[in-house]
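This report covers a single chain and its ligand. The sequence and structure are shown first, and the notes follow.

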Amino acid sequence: MLDLITSYITSVNYETVVTTNVMPLSPRLYHWFVRPQWLTRKYIHEHIKNHFELDNKIILDFGSGTGANCSICTPGHYIGIEPDKERVNLAKHLYPDHNFVIFDEQRIPSNDDSFDYIFVIAVLHHIPDELIRNYLLEFERVLKPDGKIIVMEPYLRENTQFSNRFMNWYDDGEHIRDETSYLNLFKSNRYECSVLHKFKKCFVYNELFFSATPMVKSAESAYDMDVSLMPGLEFEYEDAQYQGSY
Ligand SMILES: C[S@@+](CC[C@H](N)C(=O)[O-])C[C@H]1O[C@@H](n2cnc3c(N)ncnc32)[C@H](O)[C@@H]1O
């Protein structure tokens, strides 16, 4: 399939490449062609498992789609939330032991301090900055004090013009960003980020893999105290952000 796509893209001129919109794939086509098991294992699951111990961890899969990432999580410890009802129905059908619910795109249907990890896999490039900022508040609310967000997104990279154009043409996501823009979204909302890996997927997609930790929550966890009672600490966070440390 990749060969077909590549031969098509090399046969059209640059203007066509950057302006043509591809229709979103149906849930079934998406699941079988974009998330076949071997590809998902190689490009998503192995990276996550290399960096995170998932045993006994409570996991929220944000924008879980057809559920392809639930298989590395224990069924009773996993919830996938997804706005598209058809994708939720297919995920329930494919993975009956895991839990999937329709997401209203506003409030995460969970109590505060519920999750060890939140997966955000190939979701942010579908969402504008303003909405992501709201979600970052929700993520902070539902993460446990030492919890982390695990993010993997396609990104625009310098000196990879073909890949950048291909992703913009081929992908449904209208908000593929560069590395700095993804990280700044988190950092400006008081998250600390750690880039874990950058790699090419299927020769054409640039993938950025990073984790993000809410600074206020992790400080509360480290010192076991309420930082909202300590105005000086807030200044330190802003300072760290300004220096671009992550
Ligand atoms: C490329 S798919 C990735 C699905 C899944 N994370 C995976 O890796 O297979 C992007 C998903 O993000 C979902 N999505 C789009 N807008 C969203 C939003 N505002 N909030 C949460 N999920 C959203 C889409 O419905 C879609 O299922």
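## E105 and its surroundings

E105 counts as exposed because it has 12 C-beta neighbours inside 10 Å, and a residue is called exposed at 12 or fewer. The model is a predicted one. E105 lies in the loop between β3 and β4, the latter being residues 115–121. In sequence E105 and E82 are 23 residues apart, while in space their C-alpha atoms are 8.3 Å apart.

## The chain as a whole

The chain contains 10 helices and eight strands. Of its 246 residues, 29% are buried. Taking contacts in the chain between residues at least 6 apart in sequence, 63% join residues at least 24 apart.

## Helix α5

Which residues of α5 are buried? In this helix, residues 85–94, they are R87, V88, L90 and A91. These residues lie on the same side of α5, because they cover an arc of only 165° around the axis. In an α-helix there are 3.6 residues a turn, so residues three or four places apart point the same way. The cover over the buried residues of α5 includes α3 (27–34), β2 (78–82) and β3 (99–102). On the face turned away from the buried side, α5 carries the exposed residues K85, E86 and H93.

Strand β8 spans residues 205–214 and is mostly covered, with seven of its 10 residues buried.

| Strand joined to β8 | Residues | Bridges | Direction |
|---|---|---|---|
| β5 | 143–156 | six bridges | antiparallel |
| β7 | 191–201 | 10 bridges | antiparallel |

E153 stands opposite L208 of β8, and A212 in β8 is the bridge partner of C193. Strands β7 and β8 form a hairpin with three residues between the strands. In that hairpin C202 takes a positive phi near 55°.

## The ligand shell

How many residues surround the ligand? There are 18, and the closest are G63, G65, D84, I121 and A122. By class, the shell is made up of eight nonpolar, five polar and five charged residues. I121 is one of the closest residues to the ligand, and the range given for β4, 115–121, ends at that position.

Terms used
Residues numbered from 1 in each chain as written. Predicted model: local features only at pLDDT ≥ 70, side-chain atom pairs only at ≥ 80, totals over all residues. Near = placed C-beta within 6 Å. Nonpolar A, V, L, I, M, F, W, Y, C, P; charged D, E, K, R; others polar. Buried ≥ 20, exposed ≤ 12 C-beta atoms within 10 Å, placed from the backbone. Helix = DSSP H or I, 4+ residues; strand = E, 2+ residues; numbered from the N terminus. Arc of directions from axis to C-beta. Contact = placed C-beta atoms within 7 Å. Pairing = 2+ DSSP bridges.
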